[in-house]
Amino acid sequence: MAQGAGSASTTSLDDGIVATAETCLAAIHEAREAIHGVIFGQERIVDLALVTILAGGHGLLVGLPGLAKTKLVETLGTVLGLDARRVQFTPDLMPSDILGTEILDEDAERRRSFRFVKGPVFTQLLMADEINRASPRTQSALLQAMQEHFVSVAGERHDLPRPFHVLATQNPIEQEGTYPLPEAQLDRFLLEIDVGYPDRAAERRILIETTGVEDARAKAVMSTEQLLTAQRLVRRLPVGDAVVDAILDLVRSARPEGGDPSVAKKLLWGPGPRASQALTLAVRARALIEGRVAPSVADVKALAEPVLKHRMAVTFAARADGESVTGLIGQLAAKL
């Protein structure tokens with residue numbers, strides 16, 4: 001009798017997942033199209049940003065100025081129904097400028113008390129523009145919030161809203177006066193997304209559609225609750241043994257100790273278990289974006305570079321020989 005009840009429960013749960021998946025797939029498809037209607041020629045970048053948010057993580061956008069990184073974050077906030085804010089990181093930015101601070105209030109009876117004034121980190125989607133221009137102290141304050149999902153000010157805990165995502169940008173040029181993120185802090189980002197130039201057709205469309213009287217404007221497609229439902233669904237999607245083995249093979253092969261013999265000696269360090277966790281979540285999110293309810297080995301290959309690139313480093317000798325992290329990841333992914 002108990003066995004029958006358990007079987008019925010499992011069937012009901014599976015039906016529930018399927019019903020939720022169908023609703024989420026339709027909403028995600030509509031959101032994806034809405035973003036593409038504003039951001040031209042960056043389909044892969046848009047999809048990776050969506051993967052980051054659906055997987056519940058944070059993303060690091062690396063690219064030259066003028067490639068619509070800020071526009072992408074603004075559009076994501078509007079389309080996904082998120083409260084979004086932007087902070088321009090500068091060398092004089094202090095942790096309190098991001099987290100908030102306590103101020104001394106005085107009431108009508110001249111009684112004094114401290115009141116916490118929340119900073120811009122108390123939002124659902126925060127754009128940390130040029131994060132490497134702030135001091136390590138300020139970077140650490142933000143990255144702790146990203147990891148813990150709360151901030152502590154004057155010994156008091158203040159929880160951040162749900163969902164909470166950071167999309168940080170980094171300029172690969174103009175490195176004078178910057179503070180590169182330490183490797184341990186880079187590991188907090190689910191994906192590193194390289195933003196390149198659009199192709200000719202996309203740039204032509206940009207010229208025509210953004211220099212007229214009216215620009216294309218994003219519209220809200222999903223609500224916060226719908227996004228949270230999609231994020232919960234990502235964690236419930238089944239992952240086959242073949243995909244799990246591909247993730248383990250890829251991540252473990254990218255380490256200097258016990259890794260693939262063809263690349264191990266070229267590496268200073270490699271990805272830890274957090275990379276495996278990130279890849280497992282990311283492939284599920286990518287499957288949803290592609291209209292599927294289960295990830296494949298092809299998803300692992302497609303996400304290998306953005307998941308692993310900021311979690312590895314090559315030796316000086318390997319760099320002198322023309323090797324790069326991107327090239328090594330490509331070699332390893334090709335063997336899956």
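Strand β6 (residues 150-153) and strand β7 (residues 156-159) pair in the antiparallel sense through four bridges; strands here are DSSP runs (E, at least two residues), helices are H or I runs of at least four residues, both numbered from the N terminus, and two strands pair if DSSP finds at least two bridges between them. The model is predicted: local features need pLDDT of at least 70, side-chain atom pairs count only at pLDDT 80 or more, and totals for chains, interfaces and linings use all residues. Residues are numbered from 1 along each chain as its sequence is written, and side-chain values use heavy atoms, with hydrogens and water left out.

Strand β8 (residues 165-170) has two parallel partners among the strands described here. One is strand β1 (residues 59-63), paired with β8 over four bridges, where L60 has A168 as its bridge partner. The other is strand β5 (residues 125-129), also parallel to β8 and joined by four bridges; here L125 is partnered with H165. In a regular strand the side chains alternate between the two faces of the sheet. In β8, H165, L167 and T169 point one way, while V166, A168 and Q170 point the other way. Six of the six residues of β8 are buried, where buried means under 20% relative accessible area, exposed over 50%, and partly exposed in between (1.4 Å probe, protein chains only).

Helix α3 (residues 69-79) contains K71. K71 has a relative accessible area of 36%, which means that it is partly exposed. Its C-alpha atom is 30 Å from that of T20, a residue 51 positions away along the chain.

The pockets come next. On a 1 Å grid over the protein atoms alone, a pocket is an open set of points where a 1.4 Å probe fits, with protein on both sides within 12 Å along at least five of seven lines; lining residues have an atom within 4 Å of a point. Grid points are joined across faces, edges and corners, and a volume is the space filled by probe spheres set on the points. The largest pocket has a volume of about 590 Å³. It is lined by 25 residues, of which A55, G56, G57, R235 and L281 are the closest to its centre. Helices α5 (136-148), α8 (224-236) and α11 (273-289) are the elements that give two or more residues to this lining. Its composition is ten nonpolar, eight polar and seven charged residues, with Ala, Val, Leu, Ile, Met, Phe, Trp, Tyr, Cys and Pro counted as nonpolar, Asp, Glu, Lys and Arg as charged, and the others, Gly among them, as polar. Because domain 1 (18-236) and domain 2 (238-335) both contribute to the lining, the largest pocket lies between them; the domain bounds come from an automatic or database assignment.

The second largest pocket holds about 440 Å³ of space. Among its 22 lining residues, Q170, L186, E192, K309 and H310 are the closest to the centre. At least two lining residues come from each of β1, α6 (183-186), β11 (313-314) and α14 (325-334). Domain 1 and domain 2 each supply at least three residues of this lining.
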